[in-house]
Amino acid sequence: MSMPIQTKMKVKMSNKVIVVGGGASGLMAAGTAAEYGCEVTLIEKNSKLGRKLLITGKGRCNITNFCDNETFISNLTKNPRFMYSAINNFSCYDTISFFEDLGLHTKTERGNRVFPESDKAFDVLNALIKYNKDNGVNVLAYSSVKHLIFDDNKVIGVELENQEKIFADKVIVTCGGLSYKQTGSTGDGYALAKEAGHSISKLIPSLISLVSGDDFCKDLQGLSLRNISISVIDNNSNSEIYNDFGELLFTHYGLSGPVILSASAHMRDMSKDRYKVIIDLKPALDESTLDKRVLKDLNENINKDLINSLNKLLPLSIIPIVIRKSGIDERKKCNSITSNERKQLVNAIKRFEVNISSLYDINDAIITSGGINVNEISPKTMQSKLKDNLYFCGEVLDVDAYTGGFNLQIAFSTGRLAGLSASK
């Protein structure tokens, strides 16, 4: 990597702000700074703004979560304390009001997830673009920032890939993470942060599917399970590190679905055989009740093979795997199943183990966990503690959360605060 540019040029400035990155956080930061009187240039490497925003929430865009600040903080999985000032300045409720004021009607669904009423992420992006346009933000698309320009201990501008230099009073870096590289998230913000002397914590995928070496996952590919519970076990300490209730999906490579994506946020020290997921296929039934239910099914199919007796209890595709895990011969007649074998069967249903070998490809992660060390950023302003006039916001920071609109709220809250702070 080439050295950062040092200059002693005397540059006349008049309340100019450069925002690097036109994603959710960048659009919020740029629009806010412009709303508060700054001359703002938003620099975006893609031909169009907000490409990653368009694919969030499967194209519906889960804007935020309808919750109070305490609940929001409790859903952060990395550096929650850093977010207190930002969320107090611009809450989840403020985000909803912000978009409603822009003419975007919202609705609240299961888990207090907030979506545009139209179910179109495109409408969310258009609202943000209109917000920037109405406030006079100058957008410089298809332009990639390669370096920050420094004058002693302060940032005074940026140099583009074509070597053009643009000067400003303040620079806000909000280039996203490493996930979904096709949208432009290729780690540019980390390189710029390093030029300013910032340290970057380990970058790993989060809110991501899990890879398993267990052969039965391929057999169960496409099976979706609802109303199950999971427990994530760290084999090194033989302790539970996470549990959840909800939906799960088997894939050809392992596990996915909402509970798995959330679980991945706690599996930060991934190594082969480090973790396993235990699925309770019938969490609504305790072992005693489930044993009675199994006995009832066996009695109703008394002359049938075990493999043909559990159709009312479990999905067809998972029955042979559950029986295999129980250690019972699947062709054993129901009338000869012992009470001890029933307990083995109940155990296999309540503790269906899946060994995890790795996280899936970071390019498919919803977010990147890790980023700029937040101890080097002022939580009250989003300004760098190492260089004056330099701000960071959004996914480039080492802050992340569960699914449910919380990560976009991080983007909006930090972007709003960065834009406000840069305007002062």
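C38 is buried, with a relative accessible area of 7%. Buried means under 20% relative accessible area, exposed over 50%, and partly exposed in between (1.4 Å probe, protein chains only). The model is predicted: local features need pLDDT of at least 70, side-chain atom pairs count only at pLDDT 80 or more, and totals for chains, interfaces and linings use all residues. Residues are numbered from 1 along each chain as its sequence is written, and side-chain values use heavy atoms, without hydrogens and water.

The structure holds 0 disulfides (pairs of cysteine sulfur atoms within 2.5 Å). C38 is in no disulfide; its nearest cysteine sulfur belongs to C393, 14 Å away. C175 is also buried, at 15% relative accessible area. Its sulfur lies 9.4 Å from the closest cysteine sulfur, in C393, which is too far for a bond.

The largest nonpolar core has 75 residues. Such a core is a set of buried Ala, Val, Leu, Ile, Met, Phe, Trp, Tyr and Cys residues joined through side-chain atoms within 4.5 Å. F72 and V158 have the most contacts inside this core. Beyond its neighbours within four places in sequence, V158 is in contact (heavy atoms within 4.5 Å) with residues including I18, I43, L148 and K165. A second, separate core has 48 residues, among them Y242 and L298.
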